[in-house]
Amino acid sequence: MRKQDSYQRRRSASCWLTLTAMLAFASHAEAEGRVYDYVDAGSYLRNEAAVQVWHGLRQRLRVEFDQICGDTFCEGEYSNIQSLGFLCSADRASGLVGQCVWLFAGSQEEIDPASGRVYVQARSWQCQIPLAPRTAMEALLSLSDADSALHAPLPGTQASIYDGLMACL
């Protein structure tokens with residue numbers, strides 16, 4: 001009976017220490033500003049001019065992708081890859097970007113000449129953009145000033161959005 005009592009006390013102490021450590025970490029993270037509230041990047045932007053730059057950048061990326069697709073990503077099995085959307089999360093208070101992804105879909109179709117049946121093999125991709133940690137939304141918007149938003153180095157890196165696509169598509 002004594003061994004079990006000792007085990008119960010050690011287990012309770014261990015749980016208490018774990019809980020205390022977790023609470024201390026959470027309060028430390030909050031004190032360090034590490035508690036985030038992520039929203040869609042467009043929701044973070046506070047003025048109409050920045051919203052217009054964001055929408056323009058997303059449209060420009062789509063156009064630049066369409067211009068190079070046939071010579072790069074759209075050769076091979078999936079020759080009709082289409083952009084579904086370029087999305088980023090940003091902290092509501094600080095504007096630090098959590099992650100950006102570019103979604104794509106494509107298909108490969110075949111018709112059975114004997115039956116007329118259409119066979120479709122569809123595929124989608126979720127490409128992560130290689131952002132530097134703690135990239136500010138305002139810095140990301142600076143891509144709109146580049147000659148090519150797709151090929152410009154991302155803020156704080158030597159990598160581009162195109163590099164992220166090469167690793168994904």
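A salt bridge, as I use the term, is a side-chain nitrogen of Lys or Arg within 4 Å of a carboxyl oxygen of Asp or Glu. By that rule the count here comes to 2 salt bridges, and I will come to both.

A word on the basis. This is a predicted model, in which local features need pLDDT of at least 70, side-chain atom pairs count only at pLDDT 80 or more, and totals for chains, interfaces and linings use all residues. Residues are numbered from 1 along each chain as its sequence is written, and side-chain values use heavy atoms, with hydrogens and water left out.

Now the overall layout. The protein has 5 helices and 4 strands, where helices (H or I, at least four residues) and strands (E, at least two) are DSSP runs numbered from the N terminus. In order from the N terminus, the elements run α-β-α-α-β-β-β-α-α. Of the 169 residues, 31% count as buried. Buried means under 20% relative accessible area, exposed means over 50%, and partly exposed is in between, with a 1.4 Å probe and protein chains only. Contact means heavy atoms within 4.5 Å. Among contacts with a separation of 6 or more, 60% are between residues 24 or more positions apart.

Next, helix α3, residues 48-69. Its 22 residues should span 32 Å at 1.5 Å a residue, and its end C-alpha atoms are 31 Å apart, which agrees. The expected span is 1.5 Å times one less than the number of residues.

Which residues of α3 are buried? They are A50, V51, W54, L57, L61, E64, F65 and C69. They cover an arc of only 160° around the axis, which puts them on the same side of α3; the arc is that of the directions from the helix axis to the C-beta atoms. These buried residues pack against α2 (41-44), β2 (82-91), β3 (97-111), α4 (137-141) and α5 (161-166). On the face turned away from the buried side are the exposed residues E48, A49 and Q67.

The side chains of E64 and R60 meet at 3.0 Å, N to O. Both residues lie in α3, 4 residues apart, about one turn of the helix. E64 is buried, with a relative accessible area of 10%, while R60 is partly exposed at 21%.

The other salt bridge joins the side chains of D37 and R92, at 2.8 Å, N to O. D37 lies in the loop between α1 (2-31) and β1 (38-40) and R92 in the loop between β2 and β3, so the pair ties together parts that are 55 residues apart in sequence. Both are partly exposed: D37 has a relative accessible area of 39%, and R92 has 45%.

What else does R92 touch, besides D37? Leaving out residues up to four places away in sequence, R92 also touches V39, Y44 and R46. The C-alpha atoms of R92 and S43 are separated by 7.9 Å, although the two residues are 49 residues apart along the chain.

Last, the surface. The protein exposes about 10900 Å², and carbon and sulfur atoms supply 53% of that. Accessible areas come from the Shrake-Rupley method with a 1.4 Å probe; for residues, only the protein chains shown count as cover.
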